[in-house]
Amino acid sequence: MFHFFLVLVSLSAVFTGPLPDEHAAGRIVNGIETTIEARPYQVSIQRKGMGNHFCGGSIISEDIVVTAAHCIQGGQASNLQVRLGSTRYKEGGILVGVKAMKYHEQYDPDLLWYDIAILKLDKPVKQSSTVRYIELAKKVPKTGTPAVSRAVDVKLIKHLQKLVLHKLLKP
């Protein structure tokens with residue numbers, strides 16, 4: 001019996017290991033499925049031509065999307081597209097290219113401070129029942145404030161999730 005236990009422990013060590021960094025663990029805990037009709041400002045940021053979702057964002061005007069700087073760092077606008085108006089990242093809604101992008105000058109990739117960026121879309125997008133611009137917050141939300149995110153780990157979750165802010169880091 002003890003040998004069986006040692007084999008199981010050894011196998012678990014082979015198939016598990018430390019994460020490459022603290023950001024690899026993800027940040028969404030206890031998210032629940034939602035729809036684009038309930039969150040029409042949410043967008044999927046994707047690699048152009050492949051439809052691979054890798055980050056989410058929010059549309060704030062007819063041609064501006066706000067996202068995280070870590071999503072676009074090292075990338076090129078011409079390689080990106082944004083899917084708007086769809087709960088699913090691979091179907092529905094509309095696809096729009098990205099003309100330009102810029103992240104905060106003080107963005108720190110190690111600490112993720114000032115982790116904010118904007119994308120300028122190739123063309124303006126009109127509002128509809130599934131696409132709505134959202135206003136930027138006028139003040140910092142309190143801990144526990146409900147928030148929404150597009151899941152980054154698309155192998156597990158391929159839809160919008162509603163979540164709660166448990167901790168807000170501020171430099």
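Me: Where does Tyr114 lie?

Reply: Tyr114 lies in the loop between S6 and S7. Strands (E, at least two residues) and helices (H or I, at least four) are DSSP runs, numbered from the N terminus. This is a predicted model, in which local features need pLDDT of at least 70 and side-chain atom pairs count only at pLDDT 80 or more, while totals for chains, interfaces and linings use all residues. Residues are numbered from 1 along each chain as its sequence is written, and side-chain values use heavy atoms, with hydrogens and water left out.

Me: Why is Tyr114 called partly exposed?

Reply: Buried means under 20% relative accessible area, exposed over 50%, and partly exposed in between (1.4 Å probe, protein chains only). Tyr114 has a relative accessible area of 34%, so the term partly exposed applies.

Me: What makes Leu111, Trp113 and Tyr114 a patch?

Reply: Patches consist of residues with over 30% relative accessible area and no salt bridge; nonpolar side chains (Val, Leu, Ile, Met, Phe, Trp, Tyr) are joined within 5 Å, and like charges within 9 Å. Leu111, Trp113 and Tyr114 form a nonpolar patch on the surface, with about 290 Å² of accessible area together. Such areas come from the Shrake-Rupley method with a 1.4 Å probe; for residues, only the protein chains shown count as cover.

Me: Why is the pairing of Asp63 and Lys120 called a salt bridge?

Reply: The term requires a side-chain nitrogen of Lys or Arg within 4 Å of a carboxyl oxygen of Asp or Glu. For Asp63 and Lys120 the N to O value is 2.4 Å, so the pair qualifies. The pair links distant parts of the chain, 57 residues apart: Asp63 is in the loop between strand S3 (52–61) and strand S4 (64–67), and Lys120 is in strand S7 (residues 117–121).

Me: Is Asp63 buried or exposed?

Reply: Asp63 has 15% relative accessibility and therefore counts as buried. Lys120, with a relative accessible area of 31%, is partly exposed.

Me: What does the salt bridge between Arg88 and Glu33 tie together?

Reply: The closest N and O atoms of Arg88 and Glu33 are 3.6 Å apart. Arg88 lies in the loop between strand S5 (80–84) and strand S6 (94–103), and Glu33 in strand S1 (residues 32–33), so the pair ties together parts that are 55 residues apart in sequence.

Me: How many salt bridges does the whole structure hold?

Reply: A search finds 4, including one between Lys138 and Glu135 at 2.9 Å.
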